[in-house]
Amino acid sequence: MGLPAAFGKLMGWFLICDPPQQTSTQLAQSLGLSKGSVSTGVRALEQLGMVRRVPVRGRGHAYEMFPDALARTVDARRLYTVIHDVMQKGIDVLGGDESLPRAQRLRVTRDFYAFVGERLPQLIEEFARKEGLS
């Protein structure tokens with residue numbers, strides 16, 4: 001996914017850690033990561049909107065994961081548009097004839113991602129309301 005190696009470890013830890021607020025030092029010690037790896041990984045999580053900084057007593061800050069972190073990172077329109085466009089390019093390479101047997105999987109996949117991409121934002125909103133996150 002083009003993300004730092006520490007990303008997965010940090011994401012997993014934030015999902016289960018207690019307390020939910022963790023300093024960079026706590027993260028490094030708990031996961032056996034360097035402070036640089038923690039910094040890079042946390043920055044990626046912040047940029048995706050999964051983690052936020054929170055103040056701690058004294059000086060400094062900690063990080064905590066948003067309760068709906070995974071739902072808030074879904075960029076459905078972009079992801080589904082990219083896959084849709086790749087499938088369309090495949091159809092175009094085959095001459096643009098969607099009725100060809102070898103274009104059928106491309107067409108069905110393209111149409112599936114268009115269908116889901118249109119509905120996913122509403123599903124995310126519905127889930128957030130159900131969970132009281134909106």
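1. A residue is called buried when its relative accessible area is under 20%, exposed when that area is over 50%, and partly exposed in between. On that scale leucine 70, at 45% relative accessibility, counts as partly exposed. The model discussed in this note is a predicted one, and the remarks below should be read with that in mind.

2. Leucine 70 is found in helix 4, which covers residues 69–72. Together with Leu15 and Ile16, Leu70 forms a nonpolar patch on the surface, and the accessible area of these residues together is about 320 Å².

3. Two packed helices are described by the angle between their axes and the distance between the axes. For helix 1 (residues 6–16) and helix 3 (residues 35–47), the angle is about 70° and the axes lie 9 Å apart. Because angles from 65 to 115 degrees count as roughly perpendicular, helix 1 is described as roughly perpendicular to helix 3. On the side of helix 1, the residues that meet helix 3 are Ala6, Phe7, Leu10, Met11 and Phe14. Their counterparts in helix 3 are Ser37, Val38, Gly41, Val42, Ala44 and Leu45.

4. The structure holds seven salt bridges, one of which pairs glutamate 98 with arginine 110, with the closest N and O atoms 2.7 Å apart. Glutamate 98 lies in the loop between helix 5 (76–93) and helix 6 (104–131), whereas arginine 110 lies in helix 6, so this pair ties together parts that are twelve residues apart in sequence. As to accessibility, glutamate 98 is partly exposed, with a relative accessible area of 31%, while arginine 110, at 8% relative accessibility, counts as buried.

5. A salt bridge also joins the side chains of arginine 107 and aspartate 111, at 3.4 Å from N to O. Arginine 107 and aspartate 111 are four residues apart in helix 6, and are therefore separated by about one helical turn. Arginine 107 counts as partly exposed at 25% relative accessibility, and aspartate 111 is likewise partly exposed, with a relative accessible area of 32%. Glu98, Arg107, Arg110 and Asp111 are linked in a network of salt bridges, and a reader inspecting either pair may wish to view these residues together.

6. Another of the salt bridges is formed by glutamate 131 with lysine 130, where the closest N and O atoms are 2.9 Å apart. Glutamate 131 is partly exposed, with a relative accessible area of 42%, whereas lysine 130, at 64% relative accessibility, counts as exposed.

7. Most peptide bonds are trans. The bond that joins aspartate 18 and proline 19, however, is a cis peptide bond, with omega at about 5°. Proline 19 is found in the loop between helix 1 and helix 2 (24–31).

8. A further point concerns phenylalanine 115, which is found in helix 6 and is partly exposed, with a relative accessible area of 47%. Phenylalanine 115 and histidine 84 are 31 residues apart in sequence, and their C-alpha atoms are 9.9 Å apart in space.

Methods:
Residues are numbered from 1 along each chain as its sequence is written. This is a predicted model: local features need pLDDT of at least 70, side-chain atom pairs count only at pLDDT 80 or more; totals for chains, interfaces and linings use all residues. Side-chain values use heavy atoms; hydrogens and water are left out. Patches are made of residues with over 30% relative accessible area and no salt bridge: like charges are joined within 9 Å, nonpolar side chains (Val, Leu, Ile, Met, Phe, Trp, Tyr) within 5 Å. Accessible areas come from the Shrake-Rupley method with a 1.4 Å probe; for residues, only the protein chains shown count as cover. A salt bridge is a side-chain nitrogen of Lys or Arg within 4 Å of a carboxyl oxygen of Asp or Glu. Helices (H or I, at least four residues) and strands (E, at least two) are DSSP runs, numbered from the N terminus. Buried means under 20% relative accessible area, exposed over 50%, partly exposed in between (1.4 Å probe, protein chains only). Axes are lines fitted to C-alpha atoms, for helices over the stretch in contact, and angles run from 0 to 180 degrees between N-to-C directions. Angles under 35 degrees count as roughly parallel, over 145 as roughly antiparallel, 65 to 115 as roughly perpendicular and the rest as oblique. Contact means heavy atoms within 4.5 Å.
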